[in-house]
Structures are given as structure tokens and as C-alpha cells.
Amino acid sequence: MSRYVIKRLLLTVVILWCAGFVVFTLTYLVPGDVAKILLGPEATEDVLVIKRAALGLDQPYLVQLGRFMYNTFIRFDFGDSWVFSSSVMAELLERIPRTLIIGLSGMIINVSIGTILGIIAATHEGKWQDSFVMVIAMVFVSAPDFFVALLLILLFSLKLGWLPAYGIDSWTGYILPIISSSLGAIAVNARQSRSSMLEVIRADFVTTARAKGQKESVITRKHMLPNAMMPIITGVGGGLAVMIAGSPVIESVFSIPGVGAYLLSGVNQHDYPVVWACVIFLALFTSFAILIMDLCYAFLDPRIKAQYSRGKKVKG
Amino acid sequence: MKNKMFKKAAALALSASMLVGMTASAEVLENGRFDKINVALAIDPQDLEPDSVNNDPRFYFIYSLYETLFDMADDGSRELRPCMAAGYEEVDDTTWKITLKDNVYDWNGNQITSSDVKFSLEWLVESGNAIRFDYFDSVEVIDDLTFNMHWKEPLPAVSEAEFPLTRALVFSQASYEANGSFATNPVGTGAYKVKEFTSGSKLVLEANDDYWGLAYIDELEPRHRANVQEIEFQVITEASTAVVGLETGTVDLCSYVPIAMMEEFENSSLADQYTTEVTVSGDYYYIAPNCLNLDENLRKAIFYAIDNASVATAMGGTYVPMDTFGTSYFSDYDESLILNDTFITDYDMDKAKEYLAASDYDGRTLVLLTNNSEAARAAAQMIQAFLLQIGVQTEIQSVTTDNFETQIAQESGWDLGMNTIGGPDMVGAWHLLFDNEVNGDATTCWVRDEELQNLYETACADATHDAEHMRACLDYVIEHAYCYSLVGTSSALIYSNKITDLYKREGYYTVSSSTYEGQ
């Protein structure tokens, strides 16, 4: 098992390297003179030459790429922002916790509420509970994040005055962003959980358990849920990555200075070191989310665990 | 027992309410300053380095932290006023001898000397952020308080020295080297110090009680006054969230409220608590015809066929149709420059068709070149539809801003170019549109016209820079349909009635120098 984890971690390094190469090359190919965009039309050619040299844009592609890869993956330094003079790494480290608070809290809410709603809907298939959950899920799947966020602001900040509409002055500032970012994911997870549960609800082993006189709650918890969890975990893992990657929208609406808002400002202002850093962070985060998801598979399914063990024996 | 507890609770509640009442009424402090004001910013300042003074949103606070040798007059008259410098003397055509005031100190207590001026200007040049430094050559230190500013060639007008003298922020070399950078921990000389800075979230400034300028406060421009003890700039990127902030009282001033939302503050109970103003920006969209390809009649046909009010609507809620080549934002704007009864203000399909019939248009498809912003593309599609109504076919080409400039600098390959323009004043922006020296010996529109050049230069010259001469230049441009002014941007500035007189420095609201309730 540990061998598998090490292998996956090494693969993550390769993924990050590839993500770095792709994002650098794409930004290099974006048409336009970055120095001119940064300094505006009033800048003279002399000033533009100085700016290009200061940013290293006067060097050939391979030199720029080599410097970027060396600084990023050997020195762990993304350099300074092109628009502002602050260190991108320092800024990113300050922002990552805020994005993670929203993403991870959203995921916890998503797993706990979404899965329970899906189980309720599946175990009450065709009844009003099922219809109610599915209608609610359909509404939140269809409603865009930013729209839900604005509605929540109007209700809880403007009308009721219970929660701040923006900012991170206190922990209460995180409540609305977390709810806004998790509602869509809860809806998706509820639908996924329902359909996974329905697949196992009529399985032979469930019928056998019922015939043995097991309580329905025990059947659900011990027999149905573990067998239905695999697709749910896949959905939750992917959903977490989407939630973090989709943070620009929620962070913009609630003015949360997180990674998403940073990425958005980098893209809008052609501040490529910021874009590179944010994309590599998102790739890193997604890789870890998928790794944890794979480890959960092994934890839940003895067959997968046995596969890892066999691999170890063969190679050992 | 219960009764006793109730009495205690009532007393506590009464004390608390009295305390709250006292706090609420004590908004003007003993030192005469208003206690706190909250301002919404649409854009994250990200760092506080002493550069890029013209970048949004830095111009709202940067002069409260750092200062310059001279100030460009707050009232928009574009006169030089002494700040750190006591004055200057012209030694020869290319040398100014400048003397510093002898008591300018930064927040760390370091005196600003000639060496600091040299360091600050050279730092700015090396960082690649020294725009409009064309005439600046070097700083030669004579002694601690005196230095020579060398120009590369004689200055044609003092305005050419605007950036080195009034936009280059001067700071102490010792403080900069001690901090390594001023990105998050700046040390300026200004009337406010940084109390708290969280990139992407907020910047809190606190009045500097040891400010060197207090000794000269009546001589310095009003921007150096600190009428508020604490200013909190909150980064709220989404306009609708900022509006909620205004409505709930956590924001006192917001300058980027969409016009459509202004009504909420004018026709409701909020009208008693807030003041609303429509602000016009200094940037506007123009259409430059390629005069080598389009004859005068065809240009007039095209311009009369465009309804810029409809184009503005298509571009979104913040755009308004232009009525001249400039807006009230510019210091040299005058109502007599509004081009009534011309193709700028009149949409007339009949006239358009008449001019088209008289033109040499042969049915070919014209290339409409535009920048690739969403608003520009929407405008281009509307223009395309209007021109189709008179039978003129167009093909839209959306390109990046610098590709636009590269393409429009060619004599062929385009027929109409649409982009934004701005500047310190109206004639400053006209350089790109009317100056025959932009493309060698021609304007951006490839016009080679001595009369236009004379009128433009007369309008720009210090002695004749007035509404009469500017109008003469504009009339000539309209007569020959050399250019079209399309749409500008506007938004609503909404502020709490705590501010009784909102001060504006060169058109920008400046909360530090404003007057407040009770002052």
C-alpha cells in the first residue's frame, strides 16, 4: 500500500510538471505584448524595452521556460507579480487557507447532507420524500453559484441582517460562501447517492439480509451504503476539485481574497506568474484529492486492497 | 432575588445603550477629525509599492501614503505646486535646480534628502514603470537639500515634466533598504500611515500625527489634509455586493454602482441617508476611419448611420453616448464644445443615404477593426447592423489592444478602427486622433492636413488652450468627418451623508480631505 502511495506521489510530480509546462506555453502563446498591456499605450519603446528585460520577456521561449521550471520546481519560487511587485508565493500562501476553508467545509457539508438526502430519497423511492429531495436537488443543480450567492446575500445580509455580505473580518464571513458553494454540490451528491443506493437496494445480498430478519437501518448502514459508496466517493472527490477550481466566482461575489480571486485578477491583468502559481496549486490540490479518493476505494473495497497487496508481493 | 437580578440586568442594558449612544454621537474626535469612514474598492490594490500612481485603485489612496516633489494642482488647473520641493530654478534649457524643504521626514523619522530623490527616481526607471519620462535624464546631487534635474532636451511645456515631478513618489532609501520592499509594509512621508493591510481584502489607513506637512498645511494642496482619523478601504469586487454594503451601512462610499441601481438610493428611504452623483470617466470609445480608403462622403454616410445611444445600450448599463470628443471629466471640458446638430449627436438615415449616394462606395466589405473586449464586440455588432441598413457591408475583426495599434498603424488592411482613448485633458487625448505626427506625417486616421495640424497645435498651446480654439479644431474635424466619438462610461458615485462636502483631487474623490458631519 505504501509503495502505491509513493508511486502516486511521484506521478503527482509528473502531473505538476506537465501542468506547469502547459500553462506556461499557453500563456506564452497568448497574442499581445505584455509589457505594452501592463504599461499602457503611453509607454515609449525605450520604457517597453526596459520592462520586457525586467520581466525576462526578451529571452527566447526555451530560456523563459527553463527559468520558469527551475524557479518553480527546484526553488519553489514563482517570482514577483508582474502588475504588482509582491511575491506571488507569499501571496498564494496567505490566500490558500481561505480557499481551503470554503472548499473543505463545503465538502464536509456536501458529504454529510447530500449523502443522507440521497439515502432518504432512495429508501423512500416513489414517495413524497423522494420527490421532495429530487425537486430540491434539481433546483440547486440548475441554479448557478453566483445567483444563489446573491439571493443568500439579499436574504441573510440585507433583509435579516444576520450575516455579513462580504469580507473575512470574522468567521461569520465564511458562512454564506460555504453555503453558496456547497448547495450545488449537495444537490449533485444527493442525486448520485440516490442512484447508487437504488442500484444495490434490490441486490441479492440485501434481500438475503432482509430474509435473515436484519433491521432496515442495519441493512442500509452495513450492507447497502458500503456497496453504494464507490460512485459517491468518485463524485465527491471530483466535486471537491470542482469546488476549489470554481472558487473564483464565489470569492468574487463575497470579496474573499482567496486563490480563485487571485487567479481571476491574474488572468484579467495578464499577470502570468499569478496564473502559473494558481494553476499549479489547483493541479496539486486536484491530484491530492484524487489520490485520497483512490485510497478511500481501497479502504472500502477489499478487492482493490487485495490488488495493491498482490502488486506488492509480485514486485517484492 | 429575581427582582434584584432584573434590576441589575436593566441597569446593565441602560448603561450599554448609553455607551452605544455616546459612541454613535462622538463621531468627531477631540482632535477635530471624523472617526472612521469605509470606502468600497472594486479592484484589489495588491501591494503598496511607490509606483503606478495612475492605476485603479491606487489613485484613491497613494498620495495619502507617499508624496512627490511637486503636486499637480488639485483643482485640475494643471499648475505645479510645491510639495516636498520648496521650489525650482531654471539653470539652463535642460537643467532645473530644485531645493527640498528642510523638514520632510518619513514615518520612521528619516529626513528626505537629494540622494533619496535620486534613489527613488532611478528605482522607478529600473522597475520599468517610469511612463512619460521621455524628457527625464538624471538627478545630480549637489548637497543634502539641493539637486539638479537634467532633461534630455528643452521642455516644450512644463506638462512634459509632469510624471518625474508630480507622479514619481519620493521615499527614503534607508527605509526602503531596511524593509526590503514596500509591498506590504510601506514607509512614506504622507499624512496617513498604514494601520492594516490584507491583500485582496482591506487597507486601513490611520492619520499620521507627526506628519511633516502639518507645518505647511495652509500652503500645501488640500489633498494633504487628514480630516478622518481612520479610513478603511474594503475590496468588494462585485458591485451588487457593494450596494448591499451601502444599504446595510458597512460601506460609506462606493464609486462603481451601476447607473441602474442608482434609483434604489434616490427613490426610497435611503434617499435621506445617501448622496448620489453620476460620474463620467475620462476614457471613451472613438471610431477612426481610414481616410485613405474612405472618401469624405462615405465617412459622413457611416457616421450619420450610427446611433451611438443604441450602441451604448447594447454595450451595457455603464455606457453613455458621447456628444463631443471628451467628457466633463476632463479639466478643459466646456459645454460650448458639445457638438449639437452634427453626426455625433444626430442619427439620420436619410442624410446617411444621401451621403452614401454621393460617395465612391462600390459595395465592398469594409473591415471594422476593434479591440477584443466584450463591450467593444457588442458595439461592433450594433454598428455592423446600422451600416447594413444603408447597404454598407462590414466585417468585424476583434484583436488585442497592441495588435489593434499595430494594424491601425498600417495604411491598408482596415477601414474603421474602434478603440478607447483617454488622457489628462481633452487635447491630450486628441494627440492620437488629430496630430499629424502620429503616423510619421499623418494622423491615426491617415489624414495629412496642414490646416488640421495648425488648429490642433493652437488648441494645445498653453496661450491658446481655450474653448474657442478647441471648438475651432472640432468644427474642422466634423466638417471633414475625420473622426467619430462613440460612447463613454459612467457610473454612480454614492456616499453617506456623513460626508457633507466630498473633496475631489483632479476629479478623484478624496475622502481624507473631505468635510464631515459635525466638522
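Student: Let's start with two helices in chain A. How do I describe a packed pair?

Tutor: Two packed helices are described by the angle between their axes and by the distance between those axes. In this predicted model, take helix H5 (residues 88-123) and helix H8 (residues 175-201) of chain A, whose axes are 6 Å apart and meet at an angle of about 35°.

Student: Is the crossing of H5(A) and H8(A) left-handed or right-handed?

Tutor: H5(A) and H8(A) cross in the right-handed sense. Sorted by class, their contact holds 15 nonpolar residues, eleven polar ones and two charged ones.

Student: Thanks! Now chain B. What is in it, and what are its dimensions?

Tutor: Chain B has 15 helices and 21 strands. Its C-alpha trace spans about 95 × 70 × 40 Å along the principal axes. Of the 519 residues in chain B, 45% are buried.

Student: How many residues of helix H13 of chain B are buried?

Tutor: To count as buried, a residue needs 20 or more other C-beta atoms within 10 Å of its own. By that test, eight of the nine residues in H13(B), residues 426-434, are buried, so the helix is mostly covered. They are B:Met426, B:Val427, B:Gly428, B:Ala429, B:Trp430, B:Leu432, B:Leu433 and B:Phe434.

Student: Which sequence separations do contacts in chain B join?

Tutor: Take the contacts between residues at least 6 apart in sequence: 70% of them join residues at least 24 apart.

How values were computed
Residues are numbered from 1 along each chain as its sequence is written. Chains are lettered from A and ligands numbered from 1 in the order in which they are written. This is a predicted model: local features need pLDDT of at least 70, side-chain atom pairs count only at pLDDT 80 or more; totals for chains, interfaces and linings use all residues. Axes are lines fitted to C-alpha atoms, for helices over the stretch in contact, and angles run from 0 to 180 degrees between N-to-C directions. Helices (H or I, at least four residues) and strands (E, at least two) are DSSP runs, numbered from the N terminus. A crossing is left-handed if the near helix is turned anticlockwise from the far one by less than a right angle, and right-handed if clockwise. Ala, Val, Leu, Ile, Met, Phe, Trp, Tyr, Cys and Pro count as nonpolar, Asp, Glu, Lys and Arg as charged, and the others, Gly among them, as polar. A residue is buried if 20 or more other C-beta atoms lie within 10 Å of its own, exposed if 12 or fewer, and partly exposed in between; C-beta atoms are placed from the backbone. Two residues are in contact if their C-beta atoms, placed from the backbone, lie within 7 Å.
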